Structure formats: C-alpha cells, structure tokens
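Hi,

Here is the structure I promised to pass on.

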Amino acid sequence: MGATLRKAMGIKEERLLNWTVGAAFFFSGAAALIYQSSWQRMLVAVVGADLESVTLVVSVFMAGLGVGAWHGGRLADRFPRHCLWMFCGIELGIGLFGVLSPALLDFVAPHLALLGRVSTALVCFSLLLLPTACMGATLPILITHSVREHKSSIGASTARLYFLNTLGAALGALSMSLLLLHWGSLIEAIQLAAALNLCAALGAALILRSRHVE
C-alpha cells in the first residue's frame, strides 16, 4: 500500500513538473509575439511604415527561429543533461536583450538615417537575429528534456510543447492589439515581455531545484 501511494505521488509530481515546463514555454511564446509586435512598430520610425518594414521583421523572426532551432537541436544532442539550464539561460538572455532593445534601437536609428535602404535592412536584420535565434533554440532543447526526463515520445512532446508555445504566442498577439497598445507604451509592453521571460526562467529553475533536492 505504501509503495503504491509513493508511486502515485511520484507520477503526480512528474506530471506537475512536466506541465511546469509547458507553462514556461507558454510564457516564452507570449513574450516572443509581444517583442515582434513592439520591434516592428519601433522599426517603423527607422525604415518607414510600409510593406518593407513588416517584411523585414517577419523575415528576421522566421530566419532567427530556423537558425536557432538548428543550433538548439545540436546543443541539446551534445548536452542532453543540461537542457533546462540552457533554457533558463536563454530566457534570461532574451529578457535582457528585450529590456535593452529600445535604447539600442534609439542609439542605432540616427546612424541608419545615413545608410541606404538595403544597408539599413541588413543592420536591423543583424540586430534582431540573435534574440530570435535564441527563441528558436528553445523548442528542440525542451523537446530533448521532455523525451529524456519524462520518457515522452518525440511526437507527443513536440505536439504538446508546440501547442502551448503557439497558444502563448496567440495570447501575446491578442494582448498587444487589444490591451497593451491602448493602455501602455511600447517600452512597457517590452518590459512585460521581459517579465514573462523571467517567469519562464524561474519555472525552469524551480524544476532544477526540485531535481537537486531529490
């Protein structure tokens, strides 16, 4: 009876830790879309409010996610025991860049005015490639963690994590269009996104702490 109870409690705790990872990835997705919307609006002042500015931000996000996913998969394969540490560090790094990004874009903007359109696009692309690559790296890293630690199949882990991240992204986009742009500034929206990154990192840290205690 005691062994059965301990097993049941272990399964319940394992599910809780598994969903804590999912919640962290949910926050990460919400933060990503808040950043995308905010950076896109900030770049309007630099490259203009036209199709090119929208294309630039969407392109750098897609490229960054792809590059990050590739490198994240390689890192996860090389250091499978440290996936949560990597996720925690990446989320903190994204949040730090987010907080600094308004000042960085303000600093770069006067210099971009002296450049041609192609050069301006390349500079903006380079500035945003690193944080978007970090965002892309989180999915393969968490999939590896889920498969290794929770004995989930790759398909089930990918589906669950991608669903939660996409759901968070949808909530982030909705909050920008319906709430944040009406009740606050872009800087405040970015600060909220950074706070979500911090929450994601804290979620991973709590799991690491529980593993260490065990």
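Below is what I found in it, starting with the whole protein and then moving to single elements.

A word on the basis: this is a predicted model, in which local features need pLDDT of at least 70 and side-chain atom pairs count only at pLDDT 80 or more, while totals for chains, interfaces and linings use all residues. Residues are numbered from 1 along each chain as its sequence is written, and side-chain values use heavy atoms, with hydrogens and water left out.

**The whole protein**

The protein has six helices and zero strands, so from the N terminus the order reads α-α-α-α-α-α (helices are DSSP runs of H or I with at least four residues, strands are runs of E with at least two, and numbering starts at the N terminus). Of its 214 residues, 43% are buried; buried means under 20% relative accessible area, exposed means over 50%, and partly exposed is in between, with a 1.4 Å probe and protein chains only. Among contacts (heavy atoms within 4.5 Å) between residues at least 6 apart in sequence, 83% join residues at least 24 apart.

**Helix H5**

H5 covers residues 154-183, and its 30 residues reach 41 Å from first C-alpha to last, close to the 44 Å expected at 1.5 Å a residue (that is, 1.5 Å times one less than the number of residues). A kink of about 50° is centred on Met176; the bend is the angle between axes fitted to the seven residues ending there and the seven starting there.

Ile154 belongs to H5 and counts as exposed because its relative accessibility is 58%. Its C-alpha is 8.1 Å from that of Thr144, ten residues away in sequence. The buried residues of H5 include Gly168, Gly172 and Met176. Asn165, also in H5, counts as buried because its relative accessibility is 19%. Leaving aside residues up to four places away in sequence, Asn165 touches Phe25, Ser28 and Gly29.

**A patch on the surface**

Val54, Val58, Met62 and Leu65 make a nonpolar surface patch of about 290 Å². Val58 sits in helix H2, residues 51-78, and counts as partly exposed because its relative accessibility is 32%. Patch residues have over 30% relative accessible area and no salt bridge, with like charges joined within 9 Å and nonpolar side chains (Val, Leu, Ile, Met, Phe, Trp, Tyr) within 5 Å; a salt bridge is a side-chain nitrogen of Lys or Arg within 4 Å of a carboxyl oxygen of Asp or Glu.

Cheers

Technical notes:
Accessible areas come from the Shrake-Rupley method with a 1.4 Å probe; for residues, only the protein chains shown count as cover.
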